[in-house]
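Q: I am new to this structure. Please show me how to read it.

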Amino acid sequence: MKFERKSGILLHPTSLAGSAGIGTIGQEAYKFVDWLVDAGQTLWQILPLGPTGYGDSPYASFSTFAGNPLLIDLESLVKKGWAEKKSVCPPEYIKKNGAVDFGAVVWWKIPVLKACAQYFLENASEEDLALYKKFCKDKSDWLEMFAVFMSIKTVYDAKAEKEKPASSMWNVYWPKELAHCEKSAVKNWEKEYKNEIECFKVIQFFFDYQWQALKTYANENGISLIGDIPIFVAPDSADVWANQKFFQLDENGVPFAVAGVPPDYFCADGQLWGNPLYDWAAMKANGYSWWIMRIRRVLELTDVLRIDHFRGFESYWSVPAGSKTAVNGKWVKGPGMDFFCAVKRKLGDIPVIAEDLGVITNEVRALREQSGFPGMKVLQFAFSADEARAQGMTNYFLPHTFENDQCVIYTGTHDNDTLQGWLENCPSEQLILVAQYIEGREFDAKKARSLVESGALRKDMIKACFASSAAYCVIPMQDILGTGNEGRMNMPSTTGANWTWRMDKNGFSKKSAHWLNFLSVMYGRNL
């Protein structure tokens, strides 16, 4: 599928302003769509939408199919008559402005949503209940087991808080028959906790209803949504628990090996992600049905699919379970083109962006080219000597080196520093190179620094992305606003302060919209 020339913004809904504690898919999200229209943009890229677990990462959720309850807009539930006004008022410790405090938001909002779900079951109109029942029927292939998983998890997590075991993971702390997902044990649990399970399903209905309404509004205004699907799923998830035969697990549900990436110039010990690895032979024997269902679900929620860590489909780094670092891993062949052919047979020519970052081999490049998926170009990486060495001394992120227009250019991704923050921390030698390449004239360090301080170099780098031959140009919202490194979304291999950035309530300025619209017109991205 050929990508036409377009541009847009990367902004996860949690970063929106205006709502208590965390950004939601309510009024402010609609304002963002309106701003995108005014700015002449036609793409809105988001991060994965799943319910986040430990570390608050959208790349490690309790389900790859479910929606994040924290994104549900409570005021919208009240307007629909699905909740009482008095029940959704936030306590004083929940702030409307500033960074997301996930712990506080979860502590407050999840019980509120459960109360709203109970209210819905008891007070919703026949018409609304019919919508809910249809949702349950349409999503039955994942919804029931997700709700059961969350119900069991809630009970045993509460127990773990009192008993403080070494691990509260389902494959360690749950009773064996439940940990093994035995049908009889699951059925007994469903009978005993019927109402709790129903509430989890209602909360997913709330999310789906609000998201589909927002997606429809965006699409009707010419905005396409770019979704994100991580190659791996979290160990503490309904995905692994309910589909253990598709993962490299022992008889107790414990992984033989886990995912990561090898040592490189960024990290001497590599990165130990800890995700369970797929049993690709079992998946192939089943026609890759779980993965196809997963992709279909993301395409229900978005219009274009970005596959994170695409290189793992060619070969993935397998680290023995229990390892302290990723040093002792090894490359193991993935499913390759056989997988993508199976997906195409079932779903046709779907719009996919391949995240082909990192140390990319000729085999990975060949797989991406054979699949026909556009890859990614990150402008920050264009001036990295390490990137040049990793790619054989040719830095393929420099705009003048793009082999064709079927790629997507970014100033940075959710794993990068913001553009302004990156420029402010660039060593002088590197900064001079950036300024000379972008501005097309000679610079010394002092003049280059002055361009950074004024914001001119940041803006000119954004302009360079728009002017490039790449079919898609996507700019993180922080880079439009000129946010420093306090706006960084994620620092890989760390926990604590990631994913918490929220924009200012006055961030959707007419001035920036006018500028972006000018760039779109000037460089042919508004056709």
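Q: What share of the 527 residues of the chain count as buried?
A: Buried means under 20% relative accessible area, exposed over 50%, and partly exposed in between, with a 1.4 Å probe and protein chains only. Here 56% of the 527 residues are buried. One caution: this is a predicted model, where local features need pLDDT of at least 70, side-chain atom pairs count only at pLDDT 80 or more, and totals for chains, interfaces and linings use all residues. Residues are numbered from 1 along each chain as its sequence is written, and side-chain values use heavy atoms, leaving out hydrogens and water.

Q: How many helices and strands does the chain have?
A: Both are DSSP runs, numbered from the N terminus: helices are H or I with at least four residues, strands E with at least two. This chain has 21 helices and twelve strands.

Q: At what angle do H17 and H19 pack?
A: Axes are lines fitted to C-alpha atoms, for helices over the stretch in contact; angles run from 0 to 180 degrees between N-to-C directions. H17 (residues 428-439) and H19 (residues 456-467) pack at about 55 degrees, with axes 10 Å apart. So H17 is oblique to H19 (under 35 degrees is roughly parallel, over 145 roughly antiparallel, 65 to 115 roughly perpendicular, the rest oblique).

Q: Which residues of H17 and H19 meet?
A: Contact means heavy atoms within 4.5 Å. From H17 come Leu 431, Val 434, Ala 435, Ile 438 and Glu 439; from H19, Leu 457, Asp 460, Met 461 and Ala 464.

Q: Which contacts in the chain have a separation of 6 or more?
A: Of these, 73% join residues 24 or more positions apart.

Q: What does the C-alpha trace span along its principal axes?
A: About 75 × 50 × 45 Å.
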